[in-house]
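Dear colleague,

I am passing on the structure below, together with a short account of what was found in it. Please read the account with the coordinates open beside you.

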Amino acid sequence: FADCSATDDQLLSQSVGVVATRTLRDLGQDSPFLHDGQFNTITDVLTFYQHASVLARAGHQRNADPRIQNIALNNADLADLAAFLTALNEDYSN
C-alpha cells in the first residue's frame, strides 16, 4: 500500500477500511467460511471453534486467543446457533 518510508500515521490512514468485516446478514448463503474458505457450512465453523475452545482450555492450542477459552458450546447449542445464524437472511420479497 505504501513504500517503506511511510510513517505509521500515513499507513494507518491508507489502511482504514481496506479489510471489510462482513455482517451476519445472509451469512447462511455466503459459504465458504473463514479467511481461507476452509469450511463449507456454518456448523463446520462452529464445530471448529467448539473444538478449539476445548484445546485452549486444556492448554493444548498454541497462541490461542484467551477469549476462545470462554466458548462453551454443546452439540445442542451448535444446532441452535447454526439455525439462528442461517436464519439471518435478507427478506427480498414484497
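**Overall layout**

From the N terminus on, the elements of the protein run α-α-α, and the inventory is three helices and zero strands, where helices (H or I, at least four residues) and strands (E, at least two) are DSSP runs numbered from the N terminus. Please bear in mind that this is a predicted model, in which local features need pLDDT of at least 70 and side-chain atom pairs count only at pLDDT 80 or more, while totals for chains, interfaces and linings use all residues. Residues are numbered from 1 along each chain as its sequence is written, and side-chain values use heavy atoms, with hydrogens and water left out.

Of the 94 residues of the protein, 17% count as buried, a term that stands for under 20% relative accessible area, with exposed over 50% and partly exposed in between (1.4 Å probe, protein chains only). The protein exposes about 7400 Å², of which carbon and sulfur atoms supply 53%; the accessible areas come from the Shrake-Rupley method with a 1.4 Å probe, and for residues only the protein chains shown count as cover. Among contacts (heavy atoms within 4.5 Å) with a separation of 6 or more, 42% are accounted for by residues 24 or more positions apart.

**The helices**

Helix α1 (residues 8-15) is hardly covered, since the count of buried residues among its eight residues is zero, and α1 is followed by Gly17, with a positive phi near 85°.

Helix α2 (residues 42-57) has 16 residues and reaches 23 Å from its first C-alpha to its last, close to the 22 Å expected at 1.5 Å a residue, the expected span being 1.5 Å times one less than the number of residues. The buried residues of α2 are Ile42, Val45, Leu46, Gln50, Ala52, Ser53 and Ala56. They cover an arc of only 165° around the axis, which puts them on the same side of α2, the arc being that of the directions from the helix axis to the C-beta atoms. These buried residues of α2 pack against α3 (75-86). Just after α2, Gly59 takes a positive phi of about 75°.

Most residues other than glycine have a negative phi.
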